[in-house]
Amino acid sequence: MCGIVGYIGPREAIEYLITGLRRLEYRGYDSSGVALLTSERHLTIRKSAGRIDRLEAILGGIPAASVGIGHTRWATHGAPSDINAHPHLGGDGEVAVVHNGVIENFQSLKRRLESDGYKFCSATDTEVIAHLVASCLKLQPPVEDMAAVQYRPLVAVVQAALSQLQGTYGLTVIFRDWPEVLIVARLGSPIVLGVGDGENFIASDASPLAGYTDKIVYLADHEMAVLTADSMRVYHRDAGHVDLQIHTLELKAGDMDMGSYDHYMLKEIFEQPESIENAMRGRLDFDAATAKFGGLNLTPQQLRSMRRIVMTACGTSWHAGMVGEYVFESLARMPVEVEYASELRYKNPPLDDHTLIFALTQSGETADTLAALREMKRKGHPVLGICNVVGSTIAQESDGGVYLRAGPEIGVASTKAFSSQCTVLAMLALYFGRLRHLSFSAGARIIHQLQELPDKVRQALQCSDKVKEVAAKYAHCNNFLYLGRQFNFPTALEGALKLKEISYIHAEGYPAAEMKHGPIALVDKHTPSVFLMPHGQTYDKVMSNVEEIKARGGPVIAIVCEGDREVGRLADDMIEIPAVEEFLQPIITVIPLQLLAYYIAVARGCDIDKPRNLAKSVTVE
Ligand code: M6R
């Protein structure tokens, strides 16, 4: 949560800071702020509750500055307000800090600093860091020429402050009296540095850097960097100076444009034929009737020896993991368990030596998933990361993995990442199946079905107008049920989550047959049930569940295969999708559910891409 940016160089810092904050706004958007430093040692702060537009509106008259830091917030400690917005000042304004993360011992540090005379204005944990740095600065003997000693005394000051913190941080500090330097540090919250020509950049992820530089450096935990306009030095807490590892940024500024769509979410829904194609590109091995992956970093023999898979993730990625469970069990005949990362990290499951872990994540930064990954690695299990964001922490810390290649997903509601995760899991299940019992001809058939998928998704998207009509009819309802069986049970959960998060309507996903064990009590004429019922082994059984809902007066919206005439006699509304094999159905059935959530939220006037209380990547526990 929270996005931070920083700039030092010859341009007007504010231009990069605002562009960067806009690109990071998905990480949190309840307040934002900037601190700018002029060479005359003047620190100007502007901050405001609300979106970046509110911040921009109060930037008039700020002095030209070529050094600055900025922040967009998702509140943890202290309500969203002007005062609690970052940056925070320390001491008498000698330093300003922006921070992403949580300081767990901030109360005790605050008490101590207050008794030392430091005055706190906000309810945040971050202000503690600012005052701590200021207090450590006081103890620093005067240094005549800081540049001559490469700002090492300032590094020592920040390090002394950080050593007192318990918790996580990605942070940047600027100093009123040394306007030619920025210090940045990371423990648990991501930081990416951009190396420019006579200028340097800081960001929480690589997106702000696109269009400014394609040379990037990922800061690791316990590392600090000292940036001037024309130098960048990285230090590790224990190892001292470390060489810069410069990576090339592939992302282009245009990749983050909304194009002609009204919202990122709609754009991302319609990008799915291409994102699924990208997930498969070069990964289908026709000669061997299997899938192939470049970065698993485990030999086929090692993978073959695995007897069990544990998938761990949060939110939508967890739903994709559940799809993976059905797909792996059916294609690879391997036992799979799906664990919420937030549960797995504190659990002590009896896993044997032949257990492989999959960490599924769009952002690659989700704190719970990262913690579960670390815990599983600590116990000696190999972890494969299935991630979208290249270079993200989970991608870096996994033993191997597969990138989704879905491109930037900016809408807070995850859409294309889900279908790409399901696609990658289907390919992995094919690969694991072929290492075991799956025959060549079965493998070849699955490859053929996978190849047809992008076109099937294109056809499924043609239901958009129909879904819009249905959305208009039911947008006033306050409760929804989503029901599906087998492969479509996780999709029911995903459909309910989409509706909840962007339209604030209560929705529950349930296995269709389980509904009669309780949730059926919710059914009345104001509570629509969305049934996922493409053709498959449980079609007739689900039909009986539809009858049960109709018998109790509940409206039914049925997602059915094209040409299905049977459901028509019962359902109030039908949305048709193309038929595919059962193991691929979630990738198709999720499309009308994503669109339904989208159009209902539009009809209710909700903020689609930035729903209330949420943030795109949840980097706190
Ligand atoms: O980046 P991740 O996939 O790890 O994120 C996990 C969840 O926070 C995320 O899927 C969340 O549930 C989405 N807002 C759902 O649309």
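Contact is taken as heavy atoms within 4.5 Å, and helices (H or I, at least four residues) and strands (E, at least two) are DSSP runs numbered from the N terminus. The model is predicted: local features need pLDDT of at least 70, side-chain atom pairs count only at pLDDT 80 or more, and totals for chains, interfaces and linings use all residues. Residues are numbered from 1 along each chain as its sequence is written, and side-chain values use heavy atoms, with hydrogens and water left out.

The buried residues of helix H4 pack against strands S5 (88-90), S6 (95-100), S7 (169-175) and S8 (178-187), and against helices H3 (106-115) and H5 (152-162). Buried denotes under 20% relative accessible area, exposed over 50%, and partly exposed in between (1.4 Å probe, protein chains only). Twelve of the 14 residues of H4 are buried, so this helix is largely enclosed by the rest of the structure. Among them are Glu127, His131 and Leu137. The end C-alpha atoms of H4 (residues 126-139) are 21 Å apart, in agreement with the 20 Å that 14 residues should span at 1.5 Å a residue; the expected span is 1.5 Å times one less than the number of residues.

Trp178 is found in strand S8. Leaving aside neighbours within four places in sequence, Trp178 is in contact with Leu137, Met146 and Leu154. The C-alpha atoms of Trp178 and Met146 are separated by 8.3 Å, with the two residues 32 apart along the chain.

Of the 14 residues around the ligand (a heavy atom within 4 Å), Ser317, Thr361, Ser363, Thr366 and Glu501 come nearest. Helices H9 (315-332) and H16 (488-503) each supply at least two residues of this shell. A polar side-chain atom of Ser363 lies 2.6 Å from a ligand oxygen atom, and one of Lys498 lies 3.0 Å from an oxygen atom of the ligand. A backbone N or O atom of Val412 lies 3.1 Å from a ligand nitrogen atom. The protein buries 91% of the 410 Å² that the ligand exposes when taken alone (Shrake-Rupley method, 1.4 Å probe).

Backbone geometry was also examined. His86 and Pro87 are joined by a cis peptide bond, with omega about 0°; Pro87 is placed in the loop between strand S4 (67-73) and S5. Ala289, although not a glycine, has a positive phi of about 50°. Ala289 lies in the loop between strands S16 (284-285) and S17 (290-291) and counts as buried at 0% relative accessibility.

Notes: Polar contact = N/O pair within 3.5 Å; in protein donor to acceptor, adjacent residues only side chain to side chain.
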